[in-house]
Amino acid sequence: MGNYYHEGTIIWHNGRYVKAAEALIDLYSQSMHYGYSVFEGIRSYRTEAGYTRIFKAREHYERLYSSAKALNLPYHWSVDELIEATYEVLAVNDLQDAYIRPIVYAPANMTFALNEESFIAIKAWGMAPFLGEKLLRVMTSSFQRPNPKGFHILAKASGHYVNSILASQEAKAAGFDEALLTDGNGMVAEGPGANVFFEKNGRLFTPAPGNILTGITRATVLEICAKAGIPTEEKVATIEELKTADAAFFCGTAAEVVGWSHFDDYAFPLPWSESISHQIQKAYKALVTESKLTEKIMNKSYISTPA
Ligand code: PMP
């Protein structure tokens, strides 16, 4: 069970609230054997007004749907139904600051053929906001991201994460905190579970779409920059170029915004506290716990983009 669930934990499983410890999955599935399933990583926060809000719930559940479609997984749940079930899972487990993992997976079928049904589970566990001052030492991975011609890389498919696990484990074994993977052309792509930004001369750069999962947090960072008048550019960047940056950070739902101290043997010269990146980190923290968005949730509009 680890830190994820205990005897009393409740999950939403195919429309029913059941105990996590008693939920069953099929071992004879393409999901188990081939990584053929799709999932989401979502966060909820206790807002400054005390309510619980799932950050960008609609965007996450829309991505779950498009991930399932990309993999030809049958899908018959509405975004609203899943958001409501998620709020209920949080409430029954007494969670406010939490990490939420929905997964859509396949029934028993050991062939490569289409399935006639899919299953779904929504799990949640406590996760305190991080957004700390800890800076990461990041290593250029020997692993490249999956080939966009071999996978639907915009889908958050479970099987893609074998690549992430390999890269992250390699970086940790080499004494780093995390990996930075390149694309098939050797250009800067992303982390195992986060997008990358770098800062140079007051501008922010992030890899252009094409070889990355264009994350919801990446979009949020771009929105924050647009609002604050910080110039941004999506560009194809080399590893060497990243090593001329003033500062850099990873961003993702789980990672939030987390700065880098080093990239391989390169130390970023700008103190984190003086960087624009740090301002963005603070703006992101304020946004996820801001309460004025909550009223819209209470009105059932579920709008969760920055107002
Ligand atoms: N890239 C990869 C490979 C990821 O797994 C994630 C996490 N979903 C991200 C980027 C960041 O995406 P998001 O901001 O939507 O969490």
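Predicted model: local features only at pLDDT ≥ 70, side-chain atom pairs only at ≥ 80, totals over all residues.
**Stop 1: the ligand.** Select the ligand and display its surroundings. The shell holds 15 residues, and the closest are Lys156, Tyr161, Glu190, Thr217 and Thr253. Colour the shell by residue class. Five of its residues are nonpolar, six are polar and four are charged.

Stop 2: Show the side chain of Tyr161. One of its polar atoms sits 2.5 Å from a ligand oxygen. A polar atom of the Arg63 side chain lies 2.8 Å from an oxygen atom of the ligand. Then pick Glu190. Here an N or O atom of the side chain is 2.6 Å from a ligand nitrogen. How much of the ligand does the protein bury? Taken alone, the ligand exposes 390 Å², and the protein buries 97% of that.

**Stop 3: helix α5.** Select residues 216–228, which form helix α5. The helix has 13 residues and spans 18 Å from first C-alpha to last, close to the 18 Å expected. Thr217, among the residues closest to the ligand, is one of the buried residues of α5. Now step past the end of the helix. Gly229 follows α5 and has a positive phi, near 75 degrees.

**Stop 4: His278.** Move to helix α7, residues 276–289, and pick His278. Is His278 buried or exposed? His278 counts as buried because its relative accessibility is 9%, below the 20% cut-off. Show its neighbours beyond four places in sequence: His278 touches Glu133, Trp272 and Ser273.

Technical notes: Residues numbered from 1 in each chain as written. Heavy atoms only, no water. Helix = DSSP H or I, 4+ residues; strand = E, 2+ residues; numbered from the N terminus. Buried < 20%, exposed > 50% of the residue type's maximum accessible area, 1.4 Å probe, protein only. Contact = heavy atoms within 4.5 Å. Near = heavy atom within 4 Å. Polar contact = N/O pair within 3.5 Å; in protein donor to acceptor, adjacent residues only side chain to side chain. Areas by Shrake-Rupley, 256 points an atom, 1.4 Å probe, with all protein chains shown as cover. Nonpolar A, V, L, I, M, F, W, Y, C, P; charged D, E, K, R; others polar. Expected span 1.5 Å × (residues − 1).
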